[in-house]
Amino acid sequence: PPYRVGVIVGSLSRESVNRQLAEALQRLAPKELEFFEISYADLPLYNRDLDADYPQVAREFKEAVGSADAVLFVTPEYNRSIPGPLKNAIDWGSRPYGDSAWEDKPTGVIGGSPGKIGTAVGQQTLRSTLSYLNARQMTSPEAYIQITPGLIDDDGRVTDAETEKFLRTFMAKFLEYVARVLTVIPQG
Ligand code: FNR
């Protein structure tokens, strides 16, 4: 330690509740975890015609994923799946064939929505993609967060004690998971 965790927020919205959740998670995480954001907003739409000559922005995205000890996805659910821009970024990271940034990458998945099932279906589609790409995944604890107005304040503080405790535990478990995987599969 410390381990460098790349955070991928699945929403591009300026008012994203998942961005708030990501901030709260970083605040509640054990000090052995350090965070940096992996942005993907400037990626063009993936097209395999570009595999032979990857755009610079896509190279940088892959390098950012590659340099991370682990990746934490904090994502909304869109229409019972993940947002298209996030899927696009994952696709860019997966190619050219045989040169995927996701292979053996330790990952965590969490998300929040105003609705009661809190991104459960969207997370399953993300997990199935990560499985196919042979990323490592913390499979438990799962975390489906219903984000009601005021649950997370403007400074990324969780205002509900039970939720705060749950998220703190989630990040402690994520540290344990990442540390364990990295002893077998060093990154970078
Ligand atoms: C949604 N929303 C949504 N919520 C949900 O729980 N399940 C879903 O399938 C969907 N589908 C969906 C599609 C589209 C196109 C939008 C814009 C929204 C609502 C969504 O959870 C809500 O807008 C969250 O605030 C999105 O997360 P961010 O952007 O605030 O992080």
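Visitor: Leaving aside its neighbours within four places in sequence, which residues is Met171 in contact with?
Guide: This is a predicted model, to begin with. In it, Met171 is in contact with Leu25, Leu28, Ala29, Pro30 and Leu33.

Visitor: And which residues touch the most other members of the largest nonpolar core?
Guide: Met171 is one of them, along with Val7, Leu21, Leu25 and Val74. That core has 48 residues.

Visitor: Which elements give two or more residues to it?
Guide: Among the helices, helix 1 (17-28), helix 2, helix 3 and helix 5 (161-184) do. On the strand side you have strand 1 (3-9), strand 3 (70-74) and strand 4 (106-113).

Visitor: Where does the largest share come from?
Guide: From helix 5, with eight residues.

Visitor: OK, helix 3 then. Which of its residues are buried?
Guide: Helix 3 covers residues 84-93, and the buried ones are Leu86, Ala89, Ile90, Trp92 and Gly93. They sit on the same side of helix 3, because their arc around the axis is only 160°.

Visitor: What covers those buried residues?
Guide: The cover includes helix 2 (56-67) and helix 4 (120-132).

Visitor: Switching to the ligand: how many residues surround it?
Guide: There are 13, and the closest are Ser11, Ser16, Asn18, Pro76 and Ser113.

Visitor: What's the shell like by class?
Guide: Seven polar, four nonpolar and two charged residues.

Notes. Residues are numbered from 1 along each chain as its sequence is written. This is a predicted model: local features need pLDDT of at least 70, side-chain atom pairs count only at pLDDT 80 or more; totals for chains, interfaces and linings use all residues. A residue is buried if 20 or more other C-beta atoms lie within 10 Å of its own, exposed if 12 or fewer, and partly exposed in between; C-beta atoms are placed from the backbone. Helices (H or I, at least four residues) and strands (E, at least two) are DSSP runs, numbered from the N terminus. The arc is that of the directions from the helix axis to the C-beta atoms. Two residues are in contact if their C-beta atoms, placed from the backbone, lie within 7 Å. A residue is near a molecule or strand if its C-beta atom, placed from the backbone, lies within 6 Å of it. Ala, Val, Leu, Ile, Met, Phe, Trp, Tyr, Cys and Pro count as nonpolar, Asp, Glu, Lys and Arg as charged, and the others, Gly among them, as polar. A nonpolar core is a set of buried Ala, Val, Leu, Ile, Met, Phe, Trp, Tyr and Cys residues joined through C-beta atoms within 7 Å.
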